[in-house]
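Dear colleague,

Please find below the structure that I am handing over to you.

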Amino acid sequence: MQTRKKYIFLTFLASWLLLFFFGGDQLRRFAFFSGTKAEARRSWPRWTDRSLLRSFADPEELQRDGDPSLLSPRERRAAWLSGHRGSRCRMETCFDLSRCERNGFKVFAYPQERGQPVSETYGKILSSIERSRYHTPRPEEACLFILGIDTLDRDRLSGHYVRDVQEKIRGFPLWNGGRNHLIFNLYSGTWPSYGGELGFDAGHAILARASFDSRSFRPGFDVSIPLFPKEHPQRGGDAGWLRRDSVPPRKKYLLVFKGKRYLTGIGSGTRNALHHIHNGKDIISLTTCKHGKDWEKHKDARCDKDNVDYERFDYQELLHNSTFCIVPRGRRLGSFRFLEALQAACIPVLLSDGWELPFAEAIDWGKAAVVGSERLLLQIPSAVRCIPPERVLAFQQQTQFLWDAYFSSVDKIVHTTLEIIKDRLSPHRSRSRFLWNALPGGLLVLPDFSTHPGDFPFYYLHHGRTCLPRPSPANSGRAQHLSRPFPTLFSGYSPSKKFTAFIRAVSQAGSLSQPLLRLIQAVSGSRYCAQIVVLWSCEKPPPPSGKWPQSSVPLTVIQGRRKLSERFFPFGAIQTDAVLSLDEDTSLSTSEVDFAFSVWRSFPERIVGFPAQSHFWDAERGRWGCTSRWTNELSIVLTAAAFY
């Protein structure tokens, strides 16, 4: 009996020991004992207990020593939530898709309020909206709404800061808590939190913001846009600085930076450390503290020497002559130098941890920029030295494509934002990431035409390489082709060995004109001509078949409707990939046709033709113009005599 009691006692004791070791943490949580409960309160938070801290805050943030200039985590979170009530928004939860189903993707811009002028930059954004293919003047048709209130600059000390925005938007009958609204913002968040308080409750509105912090960015809902200056052109914009065969992969400098550094705690410490990588030879890293009213009161031991070195180099010269440009964060995560580096074909080296890069939902920045870590600043020089020359050239080419396609004007930035939002509404009909990152770009590839990349002529440009000979420079007197500094690449695709001559006839004569007869004879004499199709767009019916000239190739006549665009229609009579578009009064010899076709076979993704022009922006008239004067660059090939 005594032995049995001993076993029961030992079993009971062992059970309590196991419960104490493995379930003690649970006992403390439920606070069975007041002493344990009080102790837990005194020791909260336990920095090593990640199971308790994971869903509340970053342990490193909570362990930061007290700083009277910083808000507490609770205050910062409350301030952020005041402007981001829809922090978990997605298109499915915070966007009324039914509005877009009725009338398609239409955008309405609120009229500007009387007595409330907008900044020059916001005026450009509103103008871009009005010129968009999606704009509608009728709010009942709209799927997306743009405020007429200037929300770009939310710095309370700025002259463009608009007060009482919250009260104004409450009076908008279409506001609906921000649902289906798009808010543009350039200046809000700054060091150290980069949270970006707007000063009003944006609710369920989509934010198109520059210097977006990844912690406050709502993936698949918000849009990160680049920071651009007020001088950024409305339309067109300057071309990139990279020219074909004019810039070697390696330039005079390998890595450069020239900009401000901050001494009073308003900017990041990354810029203060950039002097460590400066060697004065191929790495130039220059900073100045000579900015602001009280800079002399706060200057350190390096200021005087830094200011002298800073004046020795010209910023534009560094951009032109450097392979890589450092783009560190400063007062904000993004900066103007990001777009400046893109335009200059200076590969951006990004040192801005937590920055949601512009249009990253569509753009693959890994092909155009080096994304570094601020903690590994000293390793940046060796990292960029290891990039081979062919990869450097590929980076430079992609910077030029992205600049020209999406960033060179306010119109392109705004329209890219709208196209990204539109793609979200119908994911099954959205542009693929490949189409966004390859010629001709997402703004020129409409999913209404096709969503399959192979249906677009530039698709095969990025796969493999053909062995077709390039045309001899000695024979390139007349045939012109639209070109970019990109290699011609193909895979699994062989350009057509024959072409169809497509002649548009519009003369009013009852019989065939002599120029048309000579043209048919010259084209049919080409050994590459497979057939001739005549688009008869005259008022009188075409002549009988017996009056057409004898041709060694089949000749088909199609009745047209006198529309210029008809020459691009996919007529069933055309049996080849290559089409030679001709006007009836074009004068060509057989040898010229043969040569032009051989050029097209080397550049099948381009238009190759004879009459060429170049376009330009006419600042006096405020519109585009074109000229046929001979210049060093051509941008237009007329389809009066062209292969495509």
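**Helix α8 against helix α16**

In α8, the residues K124, I125, S128, I129 and R131 meet V410, D411, V414, H415 and L418 of α16, where contact means heavy atoms within 4.5 Å. By class, this contact of α8 with α16 holds five nonpolar, two polar and three charged residues. Here Ala, Val, Leu, Ile, Met, Phe, Trp, Tyr, Cys and Pro count as nonpolar, Asp, Glu, Lys and Arg as charged, and the others, Gly among them, as polar.

This is a predicted model, in which local features need pLDDT of at least 70 and side-chain atom pairs count only at pLDDT 80 or more, while totals for chains, interfaces and linings use all residues. Residues are numbered from 1 along each chain as its sequence is written, and side-chain values use heavy atoms, with hydrogens and water left out.

Two packed helices are described by the angle between their axes and the distance between the axes. For α8 (residues 120-131) and α16 (residues 410-425), the axes come within 9 Å and cross at roughly 60°. Axes are lines fitted to C-alpha atoms, for helices over the stretch in contact, and angles run from 0 to 180 degrees between N-to-C directions. The two helices, α8 and α16, are therefore oblique to each other; angles under 35 degrees count as roughly parallel, over 145 as roughly antiparallel, 65 to 115 as roughly perpendicular and the rest as oblique. The crossing of α8 past α16 is right-handed, that is, the near helix is turned clockwise from the far one by less than a right angle.

**Helix α15 against helix α16**

Helix α16 also packs with α15: their axes come within 7 Å and cross at roughly 80°. That makes α15 roughly perpendicular to α16. D404, A405, Y406 and F407 in α15 meet K412, I413 and T416 in α16. This contact comprises four nonpolar, one polar and two charged residues.

**The whole protein**

The protein has 19 helices and 20 strands; helices (H or I, at least four residues) and strands (E, at least two) are DSSP runs, numbered from the N terminus. Of the 644 residues, 47% are buried, where buried means under 20% relative accessible area, exposed over 50% and partly exposed in between (1.4 Å probe, protein chains only). Among contacts with a separation of 6 or more, 72% are between residues 24 or more positions apart.

**The parallel sheet**

Strands of a sheet pair through backbone hydrogen bonds, either parallel or antiparallel. An open sheet of five strands has the order β7-β6-β8-β9-β10, with parallel pairing; two strands pair if DSSP finds at least two bridges between them. Its edge strands are β7 (283-288) and β10 (370-371), each pairing on one side only.

Strand β6 (residues 253-260) pairs with β8 (residues 322-328) over three bridges, and Y253 has S322 in β8 as its bridge partner. Five bridges join β8 to β9, where C325 is partnered by P348.

How much of β9 is buried? Five of its five residues are. I347, V349 and L351 point one way from β9, and P348 and L350 point the other way.

Helix α11 (residues 303-310) lies across β6 and β7, at about 120° to β7, and α15 (residues 389-407) lies across β8 and β9 (347-351), at about 90° to β9.

**The antiparallel sheet and its surroundings**

Three strands form an open antiparallel sheet in the order β18-β17-β19. The edge strands are β18 and β19 (636-637). Five bridges join β17 (residues 612-618) to β18 (residues 623-627). S614 stands opposite T627 in β18, and F616 has G625 as its bridge partner. The hairpin of β17 and β18 has four residues between the strands, and G622 takes a positive phi near 70° there.

A640 is found in the loop between β19 and β20 (641-643). At 22% relative accessibility, A640 counts as partly exposed. Leaving aside neighbours within four places in sequence, A640 is in contact with R567, S581, L582, D583, T586 and P611.

**Helix α18**

Which residues of α18 (residues 514-524) are buried? They are L516, L517, L519, I520, A522, V523 and S524. Their cover includes β12 (499-505), β13 (529-536), β14 (555-559), β15 (578-583) and α19 (590-602).

With kind regards
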